[in-house]
Amino acid sequence: MEKISGSQAIIRCLQEEGIKTIFGFPGGAVIDLFDALMDSDITNVLVRHEQGAVHAADGLARVTGEVGVALLTSGPGATNGVTAIATAYMDSIPLVILTGQVPTPLIGNDAFQEVDIVGITRPCTKHNYLVKDAKDLVATLREAFHIARTGRPGPVLVDLPKDVVAKMVDFPEKKPIRMQNYQPTYEPHPGQIEKACKKILKAKNPVLYVGGGVILSNANEELTELARKLNIPVTMTLMGLGGFPGSDPLSMGMLGMHGSYTANMAVAHSDLLIAVGARFDDRVTGRLDAFAPHATIIHIDIDPTSISKNVKVDIPIVADCKHALTAMNAWFNTSSDFNREQVAASHEPWLETIGEWTKKHPMCYLDEGDIIKPQYVIEKLDELTHGDAIITTEVGQNQMWAAQFYKFNKPRQWATSGGLGTMGYGLPAAIGAKMAFPEKTVIDVAGDGSIQMNIQELATANQYKCPVKVAILNNNYLGMVRQWQELFYNKRYAGTVMEVTPDFVMLAQAYGAVGLRATKKSEVEAVIKEALATDNTVIMDFVIAREECVFPMVPAGKATTEMLLV
Amino acid sequence: MKHTISVLLQNKPGVLSRVTGLFSGRGFNIESLSVAETLEPSISCLTLVTRGDEAIIEQITKQLHKLIDVIKVTDISDSEYVEREMVLIRVKAEAQTRAEVLRVIDIFRGKVVDVSPKSYAVEVTGSASKVQAIIDILRPIGIQEIVRTGTIAMARASKK
């Protein structure tokens, strides 16, 4: 067999997986890999900080459904990636992160730029490897991709000592991967499906509670079919947005801490909660004993540990969401117990109650003359992009307003750090998304605080002609923490006042991007239009109502029915 | 409730720290842990004793199973099983107590594995409670050092 170098073999593995773009930052331990990359058709996007590399790979993975790849050097290169790896882990995003490592004879010697990155990332990766023997290289890379994308997806890190990638290795043909100890369950148990479907037929007040699992398993069509077939209202988690069309009459929008009044009331009054690819996170449930207190709970998830972790489940279904929903649709289509008109009609009183809740407290905000309300900016972005843009966010108020006021009608047009809540996610993620879909409009909804966490990636966007748009909702505060301080800490704004904020218009220009600013409501539309028409990266600096709060809000530890409203 | 869980895992570097990291990271407790190779040298068997209500034990077994290097997880205490632990005890044995110590060791079917003019080193095997019992008995005489292996356990074979 023809021998090739370890680094060539790694590049061949990436090509085998269909990888076109990776995100990386070089260093001594990975020079060989970067050298081999030059001879391949894979584009390396040179980021300006390793956190940006992994977030960009994550953004690409979320919008395409493919595995994202980042290549970092040893030591600080690897540790700089950790926050972004943890971000992907919490949201179950498939990534393969390649890190350089010092040569094997030096491992454990506190060598220059040595760090035990396998030890550090053990709790925040789905799995990780240190390849000590060159003959394991190819098999390990293939296994890493397999683990990252199958089951409940997640980041997998492969640590590559410099001497290992320099050795000559065989490149055997790829065979289907079978792992004795890793076999995720895709197919649901037919008995459980039948039990669940019969329960659904008996329910008077059912609610579908949809999480990121529906997006990850590409089950949005199956879910939409089920909801419409049975006339069941749907609420989505932050990660589940786009899993069901946001403008469908059955959509109640997001639930939880900043969810809609309707969604939280519906869950609290439901007699059957059908959780699909969701994990009963504390930001969704609020006080646990008051969450869906009258409901029987059906829970579909591919990860058995998610089931009955926080809330006791009555009918567990361990399966891929797409497979399980397909099986449920098939059951209803063939069951003689199911009469579509009759079931749809039986839910009408429930849908009327839900409609009354929406009428009483719709998702809204107070207009204040020519002051820019952040919610208005999001509504305008939605309108002027026809609800069709890819939206990424930073974390905090900007993220919640984007989630509340942009109508996500399709999956994979929304990338946000849900589980970890990582400020600095949005800009690099937008770059990753735009690299995957150059023809689409990609907008990072940001705050003036979080945009500064990875602002350096403006240079990356410019270098790769990757014209993302950044909408900064600028209130000169770390707004979400300030909101908590206003509501629960007697307005003591400790550490949340951004006394010095850069001039974002000039900053954009310094990076070769375009900077636009709106200080009045009447200017918002023109700024967005100009940004969308500009074939360059644009920062839109919206100077917003300074002390605007995100409502509804369920205070931490309260029941989700105890909402603070506009 | 005390549970004894047996875990088969790949015998590779770092696997044990995946298990212990899982316990510390999720706030589960480990009362004892013992691990060694099985007949198949590439596979290790780990026995751990933990405490928790039904929901916690369910999470522990599921989370263990989720680790890629874990092959099989069995809550042995779900059925009939035998458990053993070994302890080495160095106990003070001077002229006036030497005979008494030997009697105690005999009652517990222990063995003296090292002798010095002023002490015996004793080996005792049994359930965790038996091991605790001999420690309690010998303590007033003067235990100088003890080393316990932690529990290992095996499900009983079907009687049919």
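**Entry 1: terms and ground rules**

I take contact to mean heavy atoms within 4.5 Å. My helices (H or I, at least four residues) and strands (E, at least two) are DSSP runs, numbered from the N terminus. I am working on a predicted model, where local features need pLDDT of at least 70, side-chain atom pairs count only at pLDDT 80 or more, and totals for chains, interfaces and linings use all residues. Residues are numbered from 1 along each chain as its sequence is written, chains are lettered from A and ligands numbered from 1 in the order in which they are written, and side-chain values use heavy atoms, with hydrogens and water left out.

**Entry 2: α1 and α2 of chain A**

I began with the helix pair α1 (residues 6-16) and α2 (residues 31-38) of chain A, which pack at about 55° with their axes 9 Å apart. Here axes are lines fitted to C-alpha atoms, for helices over the stretch in contact, and angles run from 0 to 180 degrees between N-to-C directions. That makes α1(A) oblique to α2(A); angles under 35 degrees count as roughly parallel, over 145 as roughly antiparallel, 65 to 115 as roughly perpendicular and the rest as oblique. I found Ser7(A), Gln8(A), Ile10(A) and Ile11(A) of α1(A) meeting Asp32(A), Leu33(A), Ala36(A) and Leu37(A) of α2(A). I sorted the residues of this contact into five nonpolar, two polar and one charged. For that sorting, Ala, Val, Leu, Ile, Met, Phe, Trp, Tyr, Cys and Pro count as nonpolar, Asp, Glu, Lys and Arg as charged, and the others, Gly among them, as polar.

**Entry 3: α9 and α14 of chain A**

Next I looked up α9 (residues 190-202) and α14 (residues 321-334) of chain A, which pack at about 60° with their axes 10 Å apart. α9(A) is thus oblique to α14(A). On the α14(A) side, the contact residues are Ala324(A), Ala327(A), Met328(A), Trp331(A) and Phe332(A); those from α9(A) include Ile193(A), Glu194(A) and Lys198(A). This contact divides into ten nonpolar, no polar and two charged residues.

**Entry 4: the six-stranded sheet of chain A**

I traced an open sheet of six strands in the order β16-β15-β17-β18-β20-β19 (chain A), with parallel pairing. I count two strands as paired if DSSP finds at least two bridges between them. β16 (414-415) and β19 (514-518) of chain A stand at the edges with a single partner strand each, so one side of each has no neighbour in the sheet. Five bridges join β19(A) to β20 (residues 538-543) of chain A, and Val514(A) stands opposite Val538(A) in β20(A).

Helix α19 (residues 426-436) of chain A lies across β15, β17 and β18 of chain A, at about 180° to β17(A). Ten of the eleven residues of α19(A) are buried, so this helix is largely enclosed by the rest of the structure. Buried means under 20% relative accessible area, exposed over 50%, partly exposed in between (1.4 Å probe, protein chains only). Lys434(A) is among the buried residues.

**Entry 5: chain B**

I then turned to chain B, which has four helices and nine strands. Of its 160 residues, 41% are buried. Strand β5 (residues 81-92) of chain B pairs in the antiparallel sense with β9 (residues 152-155) of chain B over four bridges. For bridge partners I noted Val82(B) with Met154(B) in β9(B), Glu85(B) opposite Gly126(B) in β7(B), and Val91(B) with Ile143(B) in β8(B).
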